[in-house]
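Q: I have a model open here and would like to go through it piece by piece. Could you take my questions as they come?

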Amino acid sequence: METLEEREFEEVPEIINASDHHMALVFLLDTSGSMSGEPIKNLNEGLNRFKTEVCKDKQTRDILDVAVIEFNNMHRVVQEFCPIEYMESVELKATGLTNMASAIQATLDMVDERSKLYKRTGTAPYKPWVMLLSDGAPTDDITAAIVRIKEMEENEKVSFRSLGVGNYDPQILHALCGEKVLKLEGTDFTGFFDWVNKSMRSVSQSTPGERVKPVPLGEDLSIDKLPDWD
C-alpha cells in the first residue's frame, strides 16, 4: 500500500472517483506580518497535521478536495484544488499587510471553477466551504467581496466561514460571514483543525443537500457574537 509521502511524487489527479459525492474546501489564510512567530509556526503545523488526520478516515479522504490561498501584500495560491491525500506540505511565512479583497475574489473564482468541474464530470457536490482565517483588519476595500459572498450564499454556492485570531476585527468577519464566525483563544490551531476534520467527516456521512448536524467546537474555540446579538 502506498504511503502519503509516495503519493506526493505522483501526478496529481484532477478528481478521484468522479461518480462519488465530493466536497470542496478552501483555506483562505492571513499571513500578514502580525502572524509572525508562534502563530505562523503553529498554523503550518496545524495545516500539515490536518492532511494526515483527514486521510486516516477513508470515507472523508475520498470525498474531500482542498485548496489553500494566502494573503498579505498580495494573494497567492499555495495549493490548487486537489484530493486531500495529494495536498503538499506548506511552509507559510508571515510578512506584509492584509490585502484581503483580491484573495477573496480569487477564492470564489476557484470555488466556481471547481463546481463547474463537478458538473462536467457528473459529480454530485456538497456545498463548498471557504474557511477564512485572519488576525487583523483588511488594508484594502472589501465591499465588492462582501456583496459577492452574499450573492453566492443566497444561491447556495458557498458556505463562507471565518476564524478570528489575536487582534482580529469582529465587525469585518461578521460582515463577510454573518453568524459563521469563530474565535480562537491563543495561537494553538490544533482544536480548530480537529473541528474542521470532524466537520468534513460529518459531511462525508451525509448526502448532498442534507442538513448536517453541527460538530462540537474544538479546544480553545468559541462562537464570536457581536454585542447586539441575542
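Q: Which residue in strand 4 is the bridge partner of Phe27?
A: That is Met131, and please keep in mind that this is a predicted model. The two strands involved, strand 1 (residues 23-30) and strand 4 (residues 129-134), pair in the parallel sense over 5 bridges.

Q: In what order do the strands of the open sheet run?
A: There are 7 strands in the open sheet, ordered 3-2-1-4-5-6-7, and the pairing is mixed. Strand 3 (75-83) and strand 7 stand at the edges with a single partner strand each, so one side of each has no neighbour in the sheet. On average, neighbouring strands of this sheet are turned by 20° against each other, if direction is ignored.

Q: And which strands does helix 6 touch?
A: Helix 6 (residues 170-177) packs on the sheet and touches strand 4, strand 5 (159-165) and strand 6 (181-184), while its direction makes about 170° with that of strand 5.

Q: Moving on to Asp224, is it buried or exposed?
A: Asp224, which lies in the segment after strand 7 (221-223), is buried, because its relative accessible area is 5% and the cut-off for buried is under 20%.

Q: Which side chains does Asp224 reach by polar contacts?
A: The side chain of Asp224 is joined to that of Tyr168 by a polar contact of 2.2 Å, and to that of His174 by one of 2.6 Å.

Q: What about Arg148, where is it found?
A: Arg148 is in helix 5 (residues 143-154), and with a relative accessible area of 18% it is buried. Its side chain makes a polar contact of 2.8 Å with the side chain of Asp109. Apart from neighbours within four places in sequence, Arg148 is in contact with Gln105, Leu108, Asp109 and Asp112.

Q: How far does helix 4 reach from its first C-alpha to its last?
A: Helix 4 (residues 101-120) has 20 residues and reaches 29 Å, which is close to the 28 Å expected at 1.5 Å a residue.

Q: Which residues of helix 4 are buried?
A: The buried residues of helix 4 include Ala103, Ile104, Thr107, Leu108, Val111, Arg114, Leu117 and Tyr118. As background, an α-helix has 3.6 residues a turn, so residues three or four places apart point the same way.

How values were computed. Residues are numbered from 1 along each chain as its sequence is written. This is a predicted model: local features need pLDDT of at least 70, side-chain atom pairs count only at pLDDT 80 or more; totals for chains, interfaces and linings use all residues. Side-chain values use heavy atoms; hydrogens and water are left out. Helices (H or I, at least four residues) and strands (E, at least two) are DSSP runs, numbered from the N terminus. Buried means under 20% relative accessible area, exposed over 50%, partly exposed in between (1.4 Å probe, protein chains only). A polar contact is a pair of N or O atoms within 3.5 Å; within protein, one must be able to donate a hydrogen and the other to accept it, and residues adjacent in sequence count only if both atoms are side-chain atoms. Two strands pair if DSSP finds at least two bridges between them. Axes are lines fitted to C-alpha atoms, for helices over the stretch in contact, and angles run from 0 to 180 degrees between N-to-C directions. Contact means heavy atoms within 4.5 Å. The expected span of a helix is 1.5 Å times one less than its number of residues.
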